[in-house]
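Subject: Structure handover

Hi,

Here is the structure I promised to pass on. Please open it and keep it beside you while you read my notes.

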Amino acid sequence: MSTVTADRNQTSAGQRTINRQTTVHAIQTGAVRVRQNQVHGKGSGVRRLVNTFAGRQWSAWLPIYAWLIEHPEGPILVDTGETARTSDPEYFPSWHPYYRRGLELRVEPDQEIGPQLEKRGFSPRDVQKVVLTHLHTDHAGGLHHFPDSEIVINRSEFERASGLQGKLRGYLPQHQPDWLDPTLIDLESRPYGPFPASLPLTDDETVSVVPTPGHTPHHISVVVEDESIRYFLAGDTSYNQQLLLDGIVDGVAPDDRSASATHAKIRDLARTKPTVYLPSHDTDSATRLVNLEPLSGGIIR
């Protein structure tokens, strides 16, 4: 694959060149909607979860983003988006209340991550690493496209998502590819700003994993550094940027205090350097990426 040599200010729909060799692409893999009380949690503890399942109002249709980082050491994909197989009536377990009444998806075969990469001139075989922020289906459903890539998963998240207990928690381990043999990571006691641990993904340490527990207890996010700006590929730390700024936890996070602490760390990190916050279901994420709109407001030129 050729090295990107675009000027810093060159952009196209859903991508931003960070420097002469690194570009971040926003890749939408269909759309999802959930109950509004899942997006904007109501109450705390068990009450918040009950309110989520009791809510009748649907959210708007939200994008399902995956993120491709073109890096001199090789392309890195953050999350794989969803699979069109979710349209099969037997794909989701009928006994699980969340899949019966809490989730709707729109994913066509050509919206899956494999075809989307090919539209951009890549092949799934080009991707050296796939990093999963967590193992919910809308972030890991496209995993089957990457049998030749290194799959990076937080060890504790993988364990939590496995077996019968994983199914009860809403994961779908039965749909993981037979070939899956992930690289299970444990974050090092290596502070990254306000985060107590981190793990570099590249030798030049411009791409790192940080712990962002909340939406799931072992959720991780990926940070891409440039000299003047950073990109925070946030997974489901919040459903949109405003919820992060307001400190509003989603309706399915098992520990709202942990989620609130993660929000505070992200806001604190953004005070040290302009930070473009990119959660996976925010309708404005791709625009913020292209326009370089940092978390604190304004536009970086």
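The largest pocket holds about 580 Å³ of space. Its lining has 28 residues, and Y98, H136, R169, G170 and V252 are the closest to its centre. Remember that this is a predicted model.

Which helix gives the most to that lining? It is α2, with 5 residues. At least two residues each come from α2 (45–54), α3 (97–101), β6 (103–106) and α5 (137–140). By class, the lining of the largest pocket splits into 14 nonpolar, 9 polar and 5 charged residues.

Now the second largest pocket. Its space is about 210 Å³. It is lined by 15 residues, with T86, S87, D88, F92 and Y99 nearest its centre. Here β6 supplies the largest share, 4 residues. The lining of this second largest pocket counts 7 nonpolar, 3 polar and 5 charged residues.

There are also 3 cavities of 30 Å³ or more. About 150 Å³ lies in the largest cavity. Among its 16 lining residues, A140, G141, L172, H175 and Q176 lie nearest the centre. The lining of the largest cavity has 9 nonpolar, 6 polar and 1 charged residues.

Is H281 buried or exposed? It counts as buried, because its relative accessibility is 2%, and buried means under 20%. Its side chain makes a polar contact of 3.4 Å with that of H139. Another, of 3.3 Å, joins the side chains of H281 and D236. Contacts of H281 beyond its sequence neighbours within four places also include V32, L62 and Y239.

Best wishes

Terms used
Residues numbered from 1 in each chain as written. Predicted model: local features only at pLDDT ≥ 70, side-chain atom pairs only at ≥ 80, totals over all residues. Heavy atoms only, no water. Buried < 20%, exposed > 50% of the residue type's maximum accessible area, 1.4 Å probe, protein only. Polar contact = N/O pair within 3.5 Å; in protein donor to acceptor, adjacent residues only side chain to side chain. Contact = heavy atoms within 4.5 Å. 1 Å grid on protein atoms, 1.4 Å probe; cavity = no way out; pocket = protein on both sides within 12 Å on 5 of 7 lines; lining within 4 Å. Points joined across faces, edges and corners; volume = space filled by probe spheres on them. Nonpolar A, V, L, I, M, F, W, Y, C, P; charged D, E, K, R; others polar.
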